[in-house]
Amino acid sequence: MAYGYYPGCSLHSTAKEYNISLKAVCGKLGIELSEVEDWNCCGATPAHTTKEELGVALAYNNLLNASRQGLEDILAPCAACYNRLKNASYAVKHSPEVNKRMNELTGGVMERDMKVYNILEFFRDIYGQDNLKAAIEKPLEGLNVACYYGCLLVRPSKVLNFDDAEDPVSMDDLVRLIGGNPVRWSCKTECCGGSHAIPETDIVLELGRRIFTSAQAGGAEMIAVACPLCQANLDMRQSQINKKFNTDFRMPVVYVTQLIGLALGLSKEELGFNSHFVSAAELLKK
Amino acid sequence: MQLKLDNNVNQFANEIEHLSGCSISDCYQCGKCSAGCPVGEFVEESPTRLMRLIQLNQRQAVLNSKTPYLCATCTTCSERCPMKIDVAKVMETIRILACKEGLRPAVKAVSNFSGAFLDSVKSNGRLFEFGMTVTFNLKNGTPFKNATIAPAMLLKGKLSFLPQSIKNKERLKNIFANSSYFEDREEKKEH
């Protein structure tokens, strides 16, 4: 059976290595993904902070398309898309008025309840940890990884209901499963500043500085993420952070799917490791 | 700040409660929302203070505050509020209300970014990052903002020069044209 796949805008551009590595991992594991037909942008932060209904409707339209396609569930690897899709699904389920309005705005009624999964949930609950464990060819051999969840994977917990909002463990468990060593650190769910990177760059640089300081203090060699915004803000802006605060962080920020791929025996090229601004090549030579 | 209180002191709190579905009067000023706020140190009015200003009917001060714009919508405040107030939803509500009333946004750059982002989604159905950044810079009057980042991203193949477009533009048009600023919470309250 194919799983519904909602890549979202980032995975086609700024987070292309997330898309590449996810597809490579799924190819290797024999997981079939079926892209949601004619998917549109989930609206991200700008939609729901401009018009409440717009934020729900843009996300809902994708759930509608997926249900019409006969899909039963959707894997949304981007944490922001996951958050918005899940929010729309929650909103129509819990409010008949919102449901009615969404039907009016999109001209369609969902044929079934759409389940939306993030990447960690997908490997934990759908594909299964035992299955993944059985497929490991090259364990990461004690690589010290700071598992960074950020905001949108875990909050609001009432809507997402996936992992602990203050001390989530699903990514740590996954990294441990593939042979890595998830470090203890204090910024697992701190905010990276998200879409403020463009309009309020200074805020994002300061928040990034705090995250790197904590990861370094925890003994991490790299940061693993499941969100294109977190990845861009930490990887692409790392040199700006160093320049601004006179620091010397050199910490690769990689997608968790890239690490899974390595453990499955895929090559760095197949997993898009050349797309990072702070290269992980040196670290992974060991 | 000097506060003027009048007889109708709950008017604005009631308005925000109605629009957001959050109970403003439940806030007893514990400060937990501000303690965990990632942008707390960048704003004049902390979330706690803003909640208090709503309780004190300070409509103009609240709608002109920078805090709701600088809010990163991380929802840490909502997650930790001991009274289960969705503080982030209150921030969002203030921002939408200010926009609905046509007020000059308290943080122009954030508002311009949202505008450029939504313009891009409105015309293509998907975000066209390169075009959005150019539009934002023009709107914002900062033509060279992020100018060093864009070429590096292009080199890494992380930015495309051409937008992707969806097929069902009619439905998209309807969504943009007919979405309301706020959900109608009237009926829900009666239940």
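The largest cavity has a volume of about 580 Å³. This is a predicted model, in which local features need pLDDT of at least 70, side-chain atom pairs count only at pLDDT 80 or more, and totals for chains, interfaces and linings use all residues. Residues are numbered from 1 along each chain as its sequence is written, chains are lettered from A in the order in which they are written, and side-chain values use heavy atoms, without hydrogens and water.

**Cavities**

A cavity is a set of points on a 1 Å grid over the protein atoms alone where a 1.4 Å probe fits but cannot get out; lining residues have an atom within 4 Å of a point. A volume is the space filled by probe spheres set on the points. The whole structure holds 5 cavities of 30 Å³ or more.

The largest cavity is lined by 33 residues. Nearest its centre lie A:Thr14, A:Leu229, B:Leu127, B:Glu129 and B:Met132. Helix α10(A) gives the largest share of this lining, 5 residues. Helices here are DSSP runs (H or I) of at least four residues, and strands (E) of at least two, numbered from the N terminus. By class, the lining has 22 nonpolar, 9 polar and 2 charged residues. Asp, Glu, Lys and Arg count as charged; Ala, Val, Leu, Ile, Met, Phe, Trp, Tyr, Cys and Pro as nonpolar; the others, Gly among them, as polar.

The second largest cavity has a volume of about 250 Å³. Its lining has 28 residues, and A:Thr45, A:Gly194, A:Ser195, B:Ala72 and B:Thr73 are the closest to its centre. The largest share, 3 residues, comes from α8(B).

**Salt bridges**

A salt bridge is a side-chain nitrogen of Lys or Arg within 4 Å of a carboxyl oxygen of Asp or Glu. Over all chains there are 22. Three of them are tabulated.

| Pair | N to O distance |
|---|---|
| A:Glu137 and A:Lys28 | 3.3 Å |
| A:Asp113 and A:Lys93 | 3.5 Å |
| B:Arg59 and B:Glu15 | 2.8 Å |

B:Arg59 lies in helix α4 (residues 59-63) of chain B and B:Glu15 in helix α1 of chain B, so this pair ties together parts 44 residues apart in sequence. B:Arg59 is partly exposed, at 22% relative accessible area. Buried means under 20%, exposed over 50%, and partly exposed in between (1.4 Å probe, protein chains only). B:Glu15, at 25%, is also partly exposed. In chain A, A:Lys93 is exposed at 52%, while A:Asp113 is partly exposed at 41%.

Note on methods. On a 1 Å grid over the protein atoms alone, a cavity is a set of points where a 1.4 Å probe fits but cannot get out, and a pocket is an open set with protein on both sides within 12 Å along at least five of seven lines; lining residues have an atom within 4 Å of a point.
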